[in-house]
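Please find below a colleague's note on one structure, written as numbered points. Each point may be read beside the sequence and the structure.

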Amino acid sequence: MEWVDTHAHVQEEAFDPDRSEVLKRAREAGVSTTIVVGFTVDSSRRAVELAVQYPELRAVVGIQPNYVQEARPADWETILELSRAPHVVGIGETGLDLYWDTCPIALQIEYFQRHIQLSRDTGMPFVVHCRNAEQEVVQVLQSAAHEGPLNGVMHSFTGTLETAQACLDIGMCLSFAGMATFKNNHALRAVAVATPSDRILVETDCPYLAPTPHRGKRNEPAFVRNTADCLAIARGVSSEEFAALTTENARRVFRLK
Ligand SMILES: [Zn+2]
């Protein structure tokens, strides 16, 4: 069986002491590709560097909504440059975050739209972070969809069935992370069950929010299997079948070889 962890932050300091070991465990667990996602210029650059260093890594570059206020104009130029670097397969993470009350929504929307435009310009998908901002995110996506088809991923999706449907209607994929394995999270598993087979992805979003039975510990790419196995059971398919279809989706969306 083979999995793709479509969203990981293995460039973070949390992995500095044992990154090679972590990636070895991922390979041994059958994770053939891990997509390393940036949230600032520095972390995006680091993602690109790691993707050069480790053949199983790919990079996504962008400025996460919580960091757009501190971004300097030159930072966006750097993201444009990094988007042309080898092993870069996507743009992000972008989106809207109204949980941390740090950055004006107008500025977040402006950067969100820039990332979507860069996705169109490069032909690579964009990766959306959405926290306490479902309606606002859907609004931005719907107005962007008027200008042409969208190729994007709702990462670590935790929204309602209604939001899921709105995103699916305009061509987005939904990626599920560890929270979908939490015992009481029946509502989120129901969304995963309702997601069409060609639009569902799995991820860890490590080092954050490890799936059951690793909950509370540092998350790592190998644990994508725990989320995938849980969702396979919920969808009533075998792990083999679910691994195959999520891997195929990841390959198609991120154009992995
Ligand atoms: Zn993330």
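The points below take up the basis of the model, the zinc site, the nonpolar cores, the cysteines, one serine and the aromatic pairs.

1. This is a predicted model, in which local features need pLDDT of at least 70 and side-chain atom pairs count only at pLDDT 80 or more, while totals for chains, interfaces and linings use all residues. Residues are numbered from 1 along each chain as its sequence is written, and side-chain values use heavy atoms, with hydrogens and water left out.

2. Which residues coordinate the zinc ion? The donors are H7 (NE2), H9 (NE2), E93 (OE) and D205 (OD), at 2.1 to 2.6 Å. Donors are N, O and S atoms within 2.8 Å of the metal (3.2 Å for Na, K and Ca); water is not among the atoms, so sites may look incomplete. Along the chain, the donors follow the spacing H-x1-H-x83-E-x111-D. Among them, H9 in the loop between β1 (3–8) and α1 (19–28) and D205 in the loop between β8 (200–202) and α8 (224–235) link distant parts of the chain, 196 residues apart. Helices (H or I, at least four residues) and strands (E, at least two) are DSSP runs, numbered from the N terminus.

3. The arrangement around the zinc ion is irregular because its 4 donor atoms subtend angles of 84 to 174°. Four donors count as tetrahedral if all angles lie between 85 and 135 degrees; four count as square planar and six as octahedral if opposite donors are over 155 degrees apart and all others between 65 and 115; anything else is irregular.

4. Are H9 and D205 buried or exposed? H9 counts as buried at 2% relative accessibility, and D205 is buried with a relative accessible area of 13%. Buried means under 20% relative accessible area, exposed over 50%, and partly exposed in between (1.4 Å probe, protein chains only).

5. In the largest nonpolar core, of 67 residues, L141 and F176 touch the most other members. A second, separate core of 13 residues includes I35, V153, F254 and L256. Such a core is a set of buried Ala, Val, Leu, Ile, Met, Phe, Trp, Tyr and Cys residues joined through side-chain atoms within 4.5 Å. Beyond its neighbours within four places in sequence, L141 is in contact (heavy atoms within 4.5 Å) with F112, I116, F126, L150, M154, C167, I170 and M172.

6. How many disulfides does the whole structure hold? The search finds 0, a disulfide being a pair of cysteine sulfur atoms within 2.5 Å. The sulfur of C173 lies 11 Å from the closest cysteine sulfur, in C167, which is too far for a bond. C173 is buried, with a relative accessible area of 5%.

7. S119 belongs to helix α4 (residues 105–122) and is buried, with a relative accessible area of 5%. Leaving out residues up to four places away in sequence, S119 touches I91, M124, P125, F126 and N151.

8. The whole structure contains 3 aromatic pairs. One of them is W76 and Y111, edge-to-face at 6.1 Å centre to centre with 85° between the planes. Rings of Phe, Tyr and Trp (its six-membered ring) pair if their centres lie within 6.5 Å; planes under 30 degrees apart count as stacked, over 60 as edge-to-face and the rest as tilted. Both W76 and Y111 are buried.
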